[in-house]
Amino acid sequence: MARYIIGIAGNPNCGKTTMFNELTGARQHVANWPGVTVEKKVGHIYSGPDAVELVDLPGTYSLTAYTQEELVARNFLVDERPEAVIDIMNADALERNLYLAVQIMELGVPLIFGLNMMDEVRSSGKRIDSALLAKLSGCAVVETVARHGEGAQELLKATLEVAESKRGHWEPLTISYGPDLDPVLKEMQALIEKEEFLTDRVPARWTGIKYLERDEDVVIKGRMTNTAVSDRLEAMAREVAEHTEKTLKARPDAIIADYRYGYIASLIKDVVSYPVLDADRISRSDKMDKVLTHQFLGPIIMLAIVYLIYKITFSVGEIPMGWLESLFGWMGDAANAVLPDGLLRSLIVSGIIDGVGGVLGFVPLIMFMFLMISALEDSGYIARMAYMLDRIFKVFGLHGTSVLPFIVSGGIAGGCAVPGVMATRTLRSPKEKLATLFVAPYMTCGAKVPVFLMLAAAFFPKNEAAVMLTITLGAWAMALIVARVLRSTVIRGASTPFVMELPPYRMPTLRGVLIHTWERTWEYAKKAGTVILGISILLWAMMTFPQLPADRVAHYEAQRAAAGSEEQVSEIGNIEAEEAIRHTLAGRIGTALEPLSELAGFNWRVNIALTGGFAAKEVIVSTLGTAYSLGEIDAEEAQPLSERLVKDPGFSRASAIALIVFTMLYAPCFVTVVTMARESSWKWAAFSVVGSTGLAFVMAVIAFNAAEAFL
Amino acid sequence: MTQDMCLRKAKVNQKLKIKSIAAEGELGRRIRDLGLIPGTEVHVIGKAPLRDPVALRLKDFTLTLRNSEADHITVIPLED
C-alpha cells in the first residue's frame with residue numbers, strides 16, 4: 001500500500017488530456033494552480049493497493065520560464081517531486097515531442113514515455129522501434145492510442161513499477177553541449193556543488209544550464225538563495241555568451257537547443273524508420289487545408305461555421321433555457337403564494353430565486369457553446385481560424401482566436417458575454433487574452449437588445465433595423481479600438497509569439513468533448529450558488545432599502561382607500577413604486593448622480609435603471625418602467641415605456657443616443673464580471689468595471705453633445 | 001548557386017532549408033521549441049488569405065508563423 005504522485009506532461013495536441021481522462025474517468029477535479037489562472041486537473045485512482053494522485057500538467061513544448069504554463073509544469077516537478085512523470089508524446093512527431101522529454105530527463109525525474117497516436121504512425125507506414133527507444137533512453141516506453149483507450153492500463157502499470165523501483169531517486173541525464181559550453185558548464189557545476197547552491201532541489205548541472213539560458217526564474221531564485229554565488233554564475237554565463245556570439249553568432253540558449261536536437265536525432269536515428277511511407281496519408285490534412293484555408297473559400301467556410309455555432313448555441317439553447325425560466329418562474333409563484341407579503345418574500349422571490357434563476361438560465365447556453373467549441377478545438381479547426389484571421393486581429397493587438405469570444409458575446413447581436421468570456425480559454429497568449437476579455441462584453445448581448453429596440457422604437461421609428469446594425473458595427477469598432485489602446489498602454493508590449501502548430505485534422509471523440517463541456521458547465525453552475533447569490537442579494541438590498549417611511553406608505557394607503565376604480569388603484573401603486581425606488585439606495589445614488597449624468601442627458605430615472613443594469617442588462621427596461629411609474633415593464637413589450645420616453649421633455653433623442661452608447665460600453669453585468677475574474681483576476685475584472693464605465697460615460701457625453709448640436 | 005533569403009520572401013510550394021535564426025528571447029525560444037533549427041527542411045504549404053501568417057510543413061507536422069516572425073529566419077531554397 002503506497003501513495004504516489006504522478007505528473008502527466010506533454011506537448012499541446014498530443015492527446016495528453018485524453019489519456020488523463022482515460023485513466024481517471026470522472027474521478028477528477030479542476031482547480032487553478034496557486035497564483036495563476038492556469039488550470040490544474042487532479043484525478044485520484046487506485047491501482048490494486050496503491051493510491052495514485054494523477055496531476056495533468058499544462059501542455060508545453062519546453063520547460064523554460066517564458067510562459068505561465070511552463071513555469072507551472074516545471075515548479076510542479078521541482079517542488080512537489082512527483083514519484084514519476086508520464087510524458088505523453090505524439091509519436092507521429094516523435095522528434096519534436098522528445099524535446100520536452102529530454103528536458104525532463106535532464107532534471108532527472110523518473111520518466112515514462114507514452115508513445116501516443118500509434119494508430120496514425122502505423123497507418124502512415126512509419127515504424128517505431130519502441131524497445132530500442134527504451135534501451136537508448138533508459139526510460140520505460142509504452143505504446144498507446146489514448147482515444148481508444150489502448151495501452152492506458154499498461155502505461156499506468158509501467159509507471160507504478162518505475163515509481164516503486166526509483167523511490168524518489170533522480171538520475172539526471174547529461175548531454176554534451178559542445179566544446180564552447182561544456183568546459184564552463186563543468187566549472188559551474190563544480191562551484192554549485194561546492195557551495196551546495198540550490199542542490200537540495202535540482203541537479204547542479206541543470207542549474208548551470210539554466211544560468212546559461214538566462215532563465216529569469218532560476219536566476220531570481222538563485223540570487224535570493226546566495227547572491228555571491230549567483231553573481232559569479234551570471235558572470236560566467238555572460239562571458240561565454242559574449243564569446244559564442246563573437247565566434248558562432250549564437251547565444252548559449254540557441255546552442256543548447258541545437259545540441260538537444262542533435263542528441264534527439266542520434267537517439268531516434270534507428271528508432272524511426274520509413275519502410276513504406278504513405279505520402280497520401282500524410283498529406284490528407286494538407287489537402288483539407290487547401291480548401292478550408294483557401295484564400296476565398298476559407299473565410300467563407302469559416303463565417304458559415306461561426307454563424308452555425310452561434311445559431312445552434314442560441315436557438316437550440318433557448319429551449320432548455322425556457323424550461324429553466326418556467327421552473328424558476330414557478331418557484332417564484334409558489335413562494336409568492338406560500339409566503340406572506342413582506343420583506344422575506346421580496347428577498348426570496350426577487351433576490352434569491354430571480355437572481356440565481358437568471359444566472360442558472362445561462363447554463364444551457366454555456367453547455368451548447370462548449371460542446372461545439374470543444375469539438376472544433378479537438379478537430380484542429382480553431383488553430384486554422386487563428387491562422388486565417390490573425391492578420392486582421394494583429395493590427396489591434398489581438399490574436400486570431402479572439403474572434404470566437406467576440407462572436408459568442410454578441411458580435412452577431414443576441415449573444416451572451418458569459419460564455420463569450422469563457423471562450424477566451426482558447427487563447428494561449430496572455431496579453432491578447434486580457435485585452436479580449438476586457439472588450440468582449442461591448443458586443444450586443446441578448447439582454448441589451450430589448451434596451452436598444454425600445455429606444456429605437458421610441459426615437460427612430462421605422463428605422464429599427466438600421467439602428468441595430470449600426471449598434472452592432474459600432475460595438476465591433478469600439479471593441480477593436482479599445483483593445484488597441486489597451487495593448488499600447490496597460491498591457492503594452494510585443495505580441496506573444498504566434499508560432500504555433502497546425503495539428504492534423506482529427507475526429508473529436510464524444511467522450512473528450514462531453515468531459516470538457518461538463519467541467520465548464522459545472523464550474524459555472526457552482527458559482528451561481530456562491531458568489532453570484534451573494535451579489536444578487538446585495539443588489540436586491542440596494543434596490544429595496546431604505547424603504548418608504550411609514551407616513552408615505554399610509555398616505556398611499558389612504559389614497560387607495562379613496563380610489564374609485566381598479567385602474568386608479570393600480571395607478572396609485574405605480575406612483576408609489578416610483579417614489580419607493582427613488583427612496584432606495586440605488587435611487588439615491590441615481591438622484592445624487594443626476595448633476596453629473598445630465599452631461600450625457602440622463603435623468604435620475606435613467607440612472608436608477610443603469611444601476612440596476614449592473615445586475616443584468618434585462619433589468620434596465622423593467623427598472624426604467626418602475627421609475628417612470630409604469631409599474632414593472634416586460635422587456636419584450638416595452639411599448640408603453642417607449643411612448644412615455646418620447647413624451648418626457650427631459651429625455652431627448654440625443655439622450656436616447658447617449659443611452660445606447662452608454663449601455664453598449666458600460667460595466668458588464670455582474671455574472672460576466674465574476675466569470676471574467678475567474679478567467680483573469682479580480683483586479684482585472686474590477687479594472688474592467690471602472691474603466692469601461694468611465695469610457696462609457698465619456699463617450700455618452702460626447703454622443704449627447706454631438707447629437708444635440710447636429711440633430 | 002542558390003542564394004540565402006529571408007523566409008518572408010518564400011513562395012507557396014517552395015522547399016527550403018533553414019540556415020540561421022536571428023530571433024532571441026521568447027520568440028527565438030518558441031521557434032526552436034517547435035523544431036525550427038538550422039538544418040531543418042521546410043516546405044511552404046500555404047499562406048493565410050491575407051498573405052500572413054504562413055504555413056510550413058516540417059518532416060512530421062505543420063506549423064504556422066507570422067511574417068514578422070519569419071523575418072528572423074534565413075533560408076536556402078532547395079532544388080526540388
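**Exercise 1.** How much area do chain B and chain A bury between them, and what percentage of it is on carbon and sulfur atoms?

*Solution.* The model is predicted, so that local features need pLDDT of at least 70 and side-chain atom pairs count only at pLDDT 80 or more, while totals for chains, interfaces and linings use all residues. Residues are numbered from 1 along each chain as its sequence is written, chains are lettered from A in the order in which they are written, and side-chain values use heavy atoms, with hydrogens and water left out.

Taking buried area as the accessible area (1.4 Å probe) that two parts lose on being put together, summed over both, the two chains bury about 3,500 Å², of which 55% is on carbon and sulfur atoms. On the side of chain B, Arg32(B), Pro49(B) and Arg66(B) lose the most area to chain A, together 19% of what that side buries.

**Exercise 2.** Determine how many salt bridges there are between chain B and chain A.

*Solution.* With a salt bridge defined as a side-chain nitrogen of Lys or Arg within 4 Å of a carboxyl oxygen of Asp or Glu, the count is eight. Among them is the pair Lys59(B) and Glu95(A), at 3.5 Å from N to O.

**Exercise 3.** Which residues line the second largest cavity?

*Solution.* A cavity is a set of points on a 1 Å grid over the protein atoms alone where a 1.4 Å probe fits but cannot get out, and its lining residues have an atom within 4 Å of a point. The lining consists of Ala9(A), Leu57(A), Pro58(A), Thr60(A), Leu63(A), Ala73(A), Leu77(A), Leu100(A) and Ile104(A).

Definitions and conventions
1 Å grid on protein atoms, 1.4 Å probe; cavity = no way out; pocket = protein on both sides within 12 Å on 5 of 7 lines; lining within 4 Å.
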